[in-house]
Amino acid sequence: MNIALLGYGKMGKTIEQIAIKRGHNIVLTVDKDDKDYDITKADVAIDFSIPTVAFNNISTCLNKQVPVISGTTGWLDNYDKAVALCKEKNGAFIYASNYSLGVNIFFELNKTLAKMMSTLKQYNVSMEEIHHTQKLDEPSGTAISLANDIISQHTGYDNWKLDESGETIIPIVAKRIEDVPGTHTINYESEVDTISIEHIAHTRQGFALGAVIAAEWIAGKTGVFTMNDVLNIG
């Protein structure tokens, strides 16, 4: 398979290594300042760019009938536009805030726990995420996904806020520490005890492998998909 990498930072380079090991060809790498490139030489594009260019990258792929996998966070104000464009062009598109198999299992565990805790009003939920200092957005897209999943299952919460708490607000603390790939912790705390679930990424390999697997999976398909579709979970 011929793959285009839209975004050639640390994640892009890790994806490149894994894709080559799995027998694929990297036919195009696009950095943030690259404007003119021929996306049609690729069978699929993987976007791990930056928030300000992600939607343009995705639109370029969909307009040229190239399936696109996006793991860039911080651009989701335009997500509905990307979905509409994908449907208009009969294209193929996957967005995930996190492509790690472990994190996607964690997403499902989080939803299950939130539903269980919904009737136990003595427990207050809070979240913490830690990432490397190069991460541009906070809270992380993964933390936002986790918070929104709690809200969908737990009747006691209707919003999340960064560094802000309230009766129906899930407070999220975001920390930036050198060389931390990603840690997400969810706490349910009462006066007598605390229940915590946590996912700790040790390397970027899990994120990169999941993105390549998604690119392999989407070949020949049309539609808007999630990692639940790719992994057949949830």
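Q: How many aromatic pairs does the count come to in this predicted model?
A: The count comes to 8 aromatic pairs in the predicted model.

Q: Why is the pair of Tyr79 and Phe93 called tilted?
A: The ring centres of Tyr79 and Phe93 are 6.1 Å apart, and rings pair if their centres lie within 6.5 Å. Planes under 30 degrees apart would count as stacked and planes over 60 as edge-to-face; the planes of Tyr79 and Phe93 stand at 40°, so the pair is tilted.

Q: What makes the pair of Tyr79 and Phe93 a tie between parts of the chain?
A: Tyr79 belongs to helix α3 (residues 79-88) and Phe93 to strand β5 (residues 92-95), so the pair ties together parts that are 14 residues apart in sequence. Ring pairs also link Tyr79 and Phe93 with Phe55, Trp75 and Tyr95 into a cluster.

Q: Why is Phe93 called buried, and why is Tyr79 called partly exposed?
A: Buried means under 20% relative accessible area, exposed over 50%, and partly exposed in between. Phe93 has 0% relative accessibility and therefore counts as buried. Tyr79, with a relative accessible area of 24%, is therefore partly exposed.

Q: What makes the pair of Trp217 and Phe225 edge-to-face?
A: The angle between the planes of Trp217 and Phe225 is 85°, and planes over 60 degrees apart count as edge-to-face. The distance is 5.0 Å centre to centre, against a pairing limit of 6.5 Å.

Q: Do Trp217 and Phe225 count as buried or partly exposed?
A: The cut-off for buried is under 20% relative accessible area. Trp217, at 22% relative accessibility, counts as partly exposed, whereas Phe225, at 15%, counts as buried.

Q: How do you know that Lys221 lies over the face of Trp217?
A: Lys221 is at 4.3 Å from the ring centre of Trp217; the limits are 6 Å from the ring centre and 35 degrees from the ring normal. Lys13 likewise lies over the face of Tyr8, at 4.1 Å from the ring centre.

Q: How many disulfides does a search of the whole structure find, and how do you know that Cys61 is in no disulfide?
A: The search finds 0 disulfides. For Cys61, the nearest cysteine sulfur is that of Cys86, 11 Å away, whereas a disulfide requires sulfur atoms within 2.5 Å.

Q: Why is Cys86 called buried?
A: Cys86 has a relative accessible area of 1%, and buried means under 20%; Cys86 is therefore buried. Cys61 also counts as buried, at 0% relative accessibility.

Definitions and conventions
Residues numbered from 1 in each chain as written. Predicted model: local features only at pLDDT ≥ 70, side-chain atom pairs only at ≥ 80, totals over all residues. Heavy atoms only, no water. Buried < 20%, exposed > 50% of the residue type's maximum accessible area, 1.4 Å probe, protein only. Phe/Tyr/Trp six-rings, centres within 6.5 Å; stacked < 30°, edge-to-face > 60°. Helix = DSSP H or I, 4+ residues; strand = E, 2+ residues; numbered from the N terminus.
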